[in-house]
Amino acid sequence: MTFFTTLGIVVSILGGFFLLTLLVLGWRVRRGLKQIARIAGSGMLAPTPARVHLQPREKIAWDDEAKANAFLQSLWRLGFQDAGSYEIPEMPGVKVRALARPEEHLWSLVYEHPIAGVWMDFVTRYADGGSLTTANARHGDELEHRPAHDKIYAPELDAEALYQRHLAERRAVEYQEVAPENFSSEFEKAYADEMDWRLGRGMVTDTEIRALAAKSGQELSDEEMALLRQTNQSQASAVLSEAIRDRFLQQTPLSAAEWEKLRTRIVIIHDRMTPETVRAEFQNWSFDSAETGDEELKKASAYPPDLTPCRGFEYLNSTLPATRRFEKIVSFAEPVPADVYQAASTAFSP
């Protein structure tokens, strides 16, 4: 899901509450794979963030004000109340207007993205942890959905018709409460939950990549698929490291002063890293590259091929003198097996 962010994965965010959607991958595929490769390798595209933080705004300056206001006027007529206007610093240009109808246990959101434009959705969260989202976004149905989080895409429907479709399709069970003042925290948690689920499965699957391409009228060659797969895996690994760092900060009771001393020496290893990445992390902290030759580095940073990345790094760490070994601080099982280390004070700085 994230391999092309400025392009692609924007928030149609309704996973437990929202779903992250790759909205514009088809647009990029139409631009041609060589151009995609050039742009992806240029550093112009930042990976999709593992976490987002909503920033309240007094008013949203919509690019397509007519379309956004048409949706909002319909929602006012339906009895929805305001739950805030927001931007997302981690996703420049993305705007979100939240509305709520607490008596119906119902959220509605109007979004705008610089490329994908304006769309909206309705969200019901079930007391059992599942959800239903009904959206008129043009993209999203190409992606597999998190279990128990159903999605309906109806781009032809206006706000009122979408509302009626949502009410007709949601299960007649107990619903979670809707409180407008809780929107930001619930949105951010839902995004994190969705990202962790996608990260645990490797972000975008080959099936999803082909479905996204097919919707834009493309049939990908083996070479094109390999390029997209490689880009996806590379960016997914980086986003996964960010998610693990966030989980570490959430679960480790460090003071600001303690974190300041620790943060530059944190090393994160997870099982979706390539052996080359694991070797690079180990080399960065364990050797003075100015004094160590390439062959010597490769030999010192090799681990048995049957070991996972986490176990491989553990093996490499055991080969260091005691005074230069990494200290394992914590291990995580989700979204994938991962270890957080602190580099020794005597280690070389990367």
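How many bridges join strand S5 to S6? The answer opens a short tour of this predicted model.

## Strand S6 and its neighbours

Strand S5 (residues 95–101) is joined to S6 by 7 bridges. The two strands run antiparallel. Lys 95 has Glu 112 of S6 as its bridge partner. The hairpin of S5 and S6 has 4 residues between the strands. There, His 105 takes a positive phi near 55 degrees.

S6 also pairs with strand S7 (residues 117–125). This pairing is antiparallel too, over 7 bridges. Across it, Ser 108 stands opposite Phe 122 in S7.

## An enclosed strand

## Nonpolar cores

The largest nonpolar core has 45 residues. Among those with the most contacts inside it are Trp 107, Leu 109 and Phe 183. Helix H7 (residues 222–251) gives this core its largest share, 8 residues. A second, separate core has 18 residues, including Phe 71 and Val 118.

## One side of helix H6

Helix H6 spans residues 206–215. Its residues Glu 208, Ile 209, Leu 212 and Ala 213 are buried. They lie on the same side of H6, because they cover an arc of only 135 degrees around the axis. An α-helix has 3.6 residues a turn, so residues three or four places apart point the same way. After H6 comes Gly 217, with a positive phi near 80 degrees.

Definitions and conventions
Residues are numbered from 1 along each chain as its sequence is written. This is a predicted model: local features need pLDDT of at least 70, side-chain atom pairs count only at pLDDT 80 or more; totals for chains, interfaces and linings use all residues. Side-chain values use heavy atoms; hydrogens and water are left out. Buried means under 20% relative accessible area, exposed over 50%, partly exposed in between (1.4 Å probe, protein chains only). The arc is that of the directions from the helix axis to the C-beta atoms. A nonpolar core is a set of buried Ala, Val, Leu, Ile, Met, Phe, Trp, Tyr and Cys residues joined through side-chain atoms within 4.5 Å. Two strands pair if DSSP finds at least two bridges between them.
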